[in-house]
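The questions below ask how the labels attached to a model follow from computed values. Each answer sets a value against its definition.

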Amino acid sequence: MREIYILLSLLCSTLLWGQQPLTQVQANAFKEKVVQKNKTIKTMQASFVQKKHLEFMSKDMETKGEMAFSKPDKLNWSYTTPYSYRIVFQGDNIKVDDAGKVSQMKADNKVFKKINQLITRSVSGDMFDQKEFAVTFFTSGKETLTKLFPKDKTLLKYIKEIHLFFSPDATVGRVKLIEPTDDYTEITFTHQQFNTPIDEATFKL
């Protein structure tokens with residue numbers, strides 16, 4: 001169970017007000033723009049700031065780190081501050097380096113597979129599967145907000161909503177995960193680099 005919540009904590013974003021829904025025509029145009037942009041992205045590297053909000057705590061927990069993503073399913077997620085913790089995904093294989101202690105997990109159950117897919121697909125912006133989610137679109141300042149409501153009953157035990165904030169260039173700048181308790185995790189990406197070479201050693205532990 002602990003591992004599930006660790007993986008869920010990799011999804012995130014920020015609450016904004018003044019959201020205006022897109023018309024169907026606008027939503028279709030936006031989806032096409034994201035799909036076309038996503039086709040051009042093979043790799044992504046970025047720094048991130050993650051905040052975990054728990055209702056019973058007076059202050060959000062903040063961590064920082066670096067991530068690297070390579071299509072179709074390679075992801076290195078490294079926390080560097082205030083502790084060292086690294087997770088590497090390759091397909092259904094998940095390896096964890098907790099301050100030098102390496103362990104391996106197999107995403108061989110339904111929940112792990114779903115969460116693994118959510119992480120990689122949210123990073124790349126490929127999240128418009130109507131079979132998996134009910135999707136709505138909004139403008140939010142200069143960003144476009146996509147709200148996804150999972151349809152899978154098992155996944156709904158852990159995730160109530162996912163919010164993706166797209167920058168004007170149709171890339172994901174922020175992601176927010178809302179749990180059934182209304183606690184949430186939010187991450188903001190900075191210093192994003194697309195289609196730059198990534199050493200294969202980055203995805204190995």
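Rings of Phe, Tyr and Trp (its six-membered ring) pair if their centres lie within 6.5 Å; planes under 30 degrees apart count as stacked, over 60 as edge-to-face and the rest as tilted. The model is predicted, so local features need pLDDT of at least 70 and side-chain atom pairs count only at pLDDT 80 or more, while totals for chains, interfaces and linings use all residues. Residues are numbered from 1 along each chain as its sequence is written, and side-chain values use heavy atoms, with hydrogens and water left out.

Q: How many aromatic pairs does the structure hold?
A: The structure holds 7 aromatic pairs.

Q: Why is the pair of F30 and F166 called edge-to-face?
A: The ring centres of F30 and F166 are 5.2 Å apart and the planes stand at 80°. The distance is within 6.5 Å and the angle is over 60, so the pair is edge-to-face.

Q: What makes this pair a link between parts of the chain?
A: F30 belongs to helix α2 and F166 to strand β10 (residues 161-166), so the pair ties together parts that are 136 residues apart in sequence. Helices (H or I, at least four residues) and strands (E, at least two) are DSSP runs, numbered from the N terminus.

Q: Why do F30 and F166 count as buried?
A: Buried means under 20% relative accessible area, exposed over 50%, and partly exposed in between (1.4 Å probe, protein chains only). F30 has 9% and is therefore buried; F166, at 0%, is buried as well.

Q: Which residues form one aromatic cluster?
A: The cluster is formed by F48, W77, Y79, Y83, Y85 and F189.

Q: Which residues of α2 are buried, and what puts them on the same side?
A: A27, F30, V34 and N38 are buried in α2. They cover an arc of only 70° around the axis, so they lie on the same side of α2; the arc is that of the directions from the helix axis to the C-beta atoms. V25 and K39, on the other side of α2, are exposed.

Q: Are K52 and E179 buried or exposed?
A: K52 counts as buried because its relative accessibility is 16%, and E179 is buried at 9%.

Q: Why is M61 called partly exposed?
A: M61 has a relative accessible area of 40%, which places it in the partly exposed class.
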